[in-house]
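Here is a quick briefing to read alongside the model. Have the sequence and the 3D view open, and check each point as you go.

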Amino acid sequence: MNKISTDIQQAVAFLTEGRLVGIPTETVYGLAANALDPLAVARIFEAKRRPTFDPLIVHVPDFKAVSLYVKNIPAPLEAIAKAFWPGPVTLLFEKKDIIPDLVTSGLETVAIRVPNHPLTLELLAALDFPLAAPSANPFGYISPTTAQHVVDQLENEVSMVLDGGPCSIGVESTILQWSGGKIKVLRWGGLSVDDLAAFNAQIEVNTHSTSNPTAPGMLTSHYSPRKKMKLVSSISQINEVENQRIGFLTWTSKSENPMHLTLSETGNVAEASQNLFSFLRKLDAMDIDLIIAEKVPDIGLGKAINDRLTRAAAE
Ligand code: TXA
Ligand code: MG
């Protein structure tokens, strides 16, 4: 049976029954379930083989809905939400009891965002509960940016995948916390941290705590292809590499080699982030032993791309 569909009413019916539905967002596809139903949420962890110490993001239709699930809304987070939602930024709040502990892995904080995709916004507005949704990939593997990617790996686990086309951003949301009078960046993502400059707050980057893996996509090895992968700062002489069993993922340089994919020939980071995960999947499916990937400039969205490449290449 083809599980890819654009039928929102069908998605509402499945989710109301506690089943799993793949949903499109502007960042990556999510594997969604009723966030208020612990049994439905448990199915997400099971389907992804995700360790229960890794908490989920709760998706709501608009900023107004946040107060149903959190004890208070710090003013700086309200300002950020109002500026960037719907959009690729997730915010941490102190949770109310209505959010099951399984969603937050026992943490007192819950991660919330309003995704910017018309189908999913329509879906969220039609439901009377929010959606817990991690990226719709087996734990640790490359995130999905098309409905087909979800079906490729989780066909038996989902009741359907709502098809919203390819994701416009292509990397996960930026995760922020307000703590100690500062904005803490817990994960680089689709919102460039440069865009926070207008808030005049001190910004602290806290994305590399491998000792505390309750934190976001922070596991050193994540987003990984099955093939071995090596990350380099720059690939200058790609045509001189003799070994035919290497696939290349470069920033702007191109070649005739069919096993060489270019993130953006014009050097556009938005295009590079759209291509990132689907190109990694393509390379992973090729008959090669090794993927050599090149970093992109470490500015704006480039930080999120480099973060994903670094974790994908980690052993
Ligand atoms: O763009 C996105 O954020 C996508 C789409 C589907 O919305 N979702 C996504 O979910 O990337 P996931 O589960 O792959 O990554 C969510 C990250 C996890 O690494 C988790 O550790 C972190 O968010 N997280 C969730 N709740 C948290 C909390 N209370 N404190 C710290 N980190 C949290
Ligand atoms: Mg993920």
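Lys 95 counts as buried, with 5% relative accessibility; here buried means under 20% relative accessible area, exposed means over 50%, and partly exposed is in between (1.4 Å probe, protein chains only). Keep in mind that this is a predicted model, where local features need pLDDT of at least 70 and side-chain atom pairs count only at pLDDT 80 or more, while totals for chains, interfaces and linings use all residues. Residues are numbered from 1 along each chain as its sequence is written, chains are lettered from A and ligands numbered from 1 in the order in which they are written, and side-chain values use heavy atoms, with hydrogens and water left out.

**Salt bridges**

- A salt bridge here is a side-chain nitrogen of Lys or Arg within 4 Å of a carboxyl oxygen of Asp or Glu, and by this rule the count comes to 17.
- Lys 95 is in one of them: its side chain meets that of Asp 101 at 3.3 Å, N to O.
- Lys 254 pairs with Glu 265 in another salt bridge, where the closest N and O atoms are 3.7 Å apart.
- Lys 254 sits in the loop between strand 13 (246-250) and strand 14 (260-262), and Glu 265 in the loop between strand 14 and helix 7 (269-285), so this pair ties together parts that are 11 residues apart in sequence. Helices (H or I, at least four residues) and strands (E, at least two) are DSSP runs, numbered from the N terminus.
- Is Lys 254 buried or exposed? Lys 254 counts as exposed, at 55% relative accessibility.

- The contact (heavy atoms within 4.5 Å) takes 22 residues from domain 1 and 15 residues from domain 2.
- Between them the domains bury about 1400 Å², with 57% of it on carbon and sulfur atoms. Buried area is the accessible area (1.4 Å probe) that two parts lose on being put together, summed over both.
- Which three residues supply more of the area that domain 1 buries against domain 2 than any other three? They are Ile 142, Val 171 and Trp 188, with 39% of that area.
- The rule finds one salt bridge across this interface.

- Glu 172 and Arg 308 meet through their side chains in a salt bridge of 2.9 Å, N to O.
- Arg 311 and Asp 307 form a salt bridge too, at 2.8 Å, N to O.
- Arg 311 and Asp 307 both belong to helix 8 (residues 302-313), four residues apart, or about one turn of the helix, and both are buried.
- Through shared partners, salt bridges join Glu 172, Asp 307, Arg 308 and Arg 311 into one network.

**Two buried loop residues**

- Ser 264 lies in the loop between strand 14 and helix 7, and is buried with a relative accessible area of 0%.
- Not counting residues up to four places away in sequence, Ser 264 touches Trp 251, Thr 252, Glu 271 and Ala 272.
- Asn 137 is in the loop between strand 7 (131-132) and helix 6 (147-154), and is buried with a relative accessible area of 2%.
- Beyond its neighbours within four places in sequence, Asn 137 is in contact with residues including Lys 48, Ile 142 and Arg 281.
- Asn 137 and Tyr 29 are 108 residues apart in sequence and 8.6 Å apart in space, C-alpha to C-alpha.
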